[in-house]
Amino acid sequence: MTKEITIKKHNTLTDGRTTYSLTAEKLLNAVYHTWEREGVDTFTVPIADLKELIGMDGNNDEYLYDCLKELQTVQRFRNFDYKGRGIKLLQSSFIMDLTVYKDNQNHAQMTINPKIIEALKQRAGYTPLELKTVEKFRTIGGYKLFQLFKRYEFLPNSTDSRIGSITFTLEEMNNVLGTKYEHLSQLERVIQRGLNEIGRIAHLEISVLGKKKEKEFTFSWGRKAPYLQTIATFMEHMRKYYKQEVVYSTDTRKIAINEDGLLYDKARENQPFLTQKEATKTWQSMYKFALDDKLFCLKQGKLF
């Protein structure tokens, strides 16, 4: 099962119009995470790690290589500087080079184009994606709509702070989904199936309204606080604003956060700190309560 990992996927990649398969889309996230972690242009990653990150079972390495090959498809990057020169247009793939050596076949060596890395550094904005959630998608339409939603989820695109809303034209939605529908009603059915999958997997309620006259789709959803984007942003918020406060209680425990951000039990005198396993489970429970607006310390006096 995929680990609890949230990537900050650069919007240059999020906004890319691709024809990748669903597995290749998941692999792009896994490779991007590895690049973020390694911090170098060329790195070697165990094949088993890539499989784990995308929830792939079995020993079909050739299929994995085929999907990695998709990531060598050319994309466009515009308007950035590289080694003192301005670049108007760069056409290149994210993975510039992929090598599997015969004497080390359980690993793949990859090189990311240094010009693309420079483009990513210079352009702002990212989309938070939890790999454990991404792993569960079984349709490319559902995944692409989910990524689109995460891209715009917390942007100020509505005058009502409690409602998120964004509108796309028929052509724009065809580009996102890689389809070529001429009528709103045809694409609307595809979109609704994707939104249904998002609801089942991510428990997010997103509605869509097709406007035939304008040839547009308007998506809307209930907006949550920005710090609830992911469990990582939630933990960061709690550690910053709720130090030394009881943040989670049961019949036998009073969980608080110390100055170093660690969870401990105020009701326990000996060995008050939670083990890593206990802390992970507690953070997950707290996050679920917060998403459902049932975490008492937040309800008692929300700071935002």
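1. **Contacts of Ser-92.** Leaving aside neighbours within four places in sequence, Ser-92 is in contact with Thr-73, Val-74, Gln-75, Phe-77, Asn-113 and Ile-116. Contact here means heavy atoms within 4.5 Å. Ser-92 itself sits in strand S4. Helices (H or I, at least four residues) and strands (E, at least two) are DSSP runs, numbered from the N terminus. Ser-92 counts as buried because its relative accessibility is 10%. The classes are buried (under 20% relative accessible area), exposed (over 50%) and partly exposed (in between), with a 1.4 Å probe and protein chains only.

2. **Basis of the model.** This is a predicted model: local features need pLDDT of at least 70, and side-chain atom pairs count only at pLDDT 80 or more, while totals for chains, interfaces and linings use all residues. Residues are numbered from 1 along each chain as its sequence is written, and side-chain values use heavy atoms, with hydrogens and water left out.

3. **Asn-113, two partners.** Which side chain makes a polar contact with that of Asn-113? The side chain of Ser-92 does, at 2.8 Å. A polar contact is a pair of N or O atoms within 3.5 Å; within protein, one must be able to donate a hydrogen and the other to accept it, and residues adjacent in sequence count only if both atoms are side-chain atoms.

4. **The buried face of H5.** Helix H5 covers residues 114-122, and its buried residues are Ile-116, Ile-117, Ala-119 and Leu-120. They lie on the same side of H5 because they cover an arc of only 160° around the axis. The arc is taken from the directions from the helix axis to the C-beta atoms. Which elements do the buried residues of H5 pack against? The strands are S1 (6-10), S3 (75-82), S4 (85-92) and S6 (107-112). The helices are H1 (11-14) and H2 (22-38).

5. **H2 against H7.** Two packed helices are described by the angle between their axes and the distance between the axes. For H2 and helix H7 (residues 140-152), the axes come within 9 Å and cross at roughly 35°. Axes are lines fitted to C-alpha atoms, for helices over the stretch in contact, and angles run from 0 to 180 degrees between N-to-C directions. H2 passes H7 in a left-handed crossing. Left-handed means that the near helix is turned anticlockwise from the far one by less than a right angle; clockwise is right-handed. H2 contributes Leu-22, Glu-25 and Asn-29 to the contact. H7 contributes Ile-140, Tyr-143, Lys-144 and Gln-147.

6. **Sheet S2-S6-S5.** This is an open sheet of three strands, in the order S2-S6-S5, with antiparallel pairing. Two strands pair if DSSP finds at least two bridges between them. The edge strands, each pairing on one side only, are S2 (42-46) and S5 (95-99). The twist averages 25° from one strand to the next. Four bridges join the antiparallel strands S5 and S6. Asp-97 stands opposite Thr-111 in S6. Helix H3 packs on this sheet and touches S2 and S6. The direction of H3 makes about 75° with that of S2.

7. **Asp-49 in H3.** H3 spans residues 47-54 and holds Asp-49. Is Asp-49 buried or partly exposed? Asp-49 counts as partly exposed because its relative accessibility is 31%. Asp-49 and Lys-240 are 191 residues apart along the chain, with 32 Å between their C-alpha atoms.

8. **Sheet S8-S10-S9.** A further open sheet has three strands in the order S8-S10-S9, with antiparallel pairing. S8 (163-169) and S9 (206-211) each have a single partner strand, so one side of each lacks a neighbour in the sheet. The twist averages 20° from one strand to the next. S8 and S10 (residues 216-222) pair over seven bridges. Thr-167 stands opposite Thr-218 in S10. Helix H8 (residues 170-177) lies across S8 and S10 and runs at about 95° to S8.

9. Three bridges join S11 (residues 246-249) to S12 (residues 254-257), which run antiparallel. The hairpin between S11 and S12 passes through four residues. Tyr-248 has Ile-255 of S12 as its bridge partner. S12 is joined in turn to S13 (residues 263-265) by three bridges, again antiparallel. Here Ile-257 has Leu-263 as its bridge partner. The hairpin of S12 and S13 has five residues between the strands, and Gly-261 takes a positive phi near 85°.
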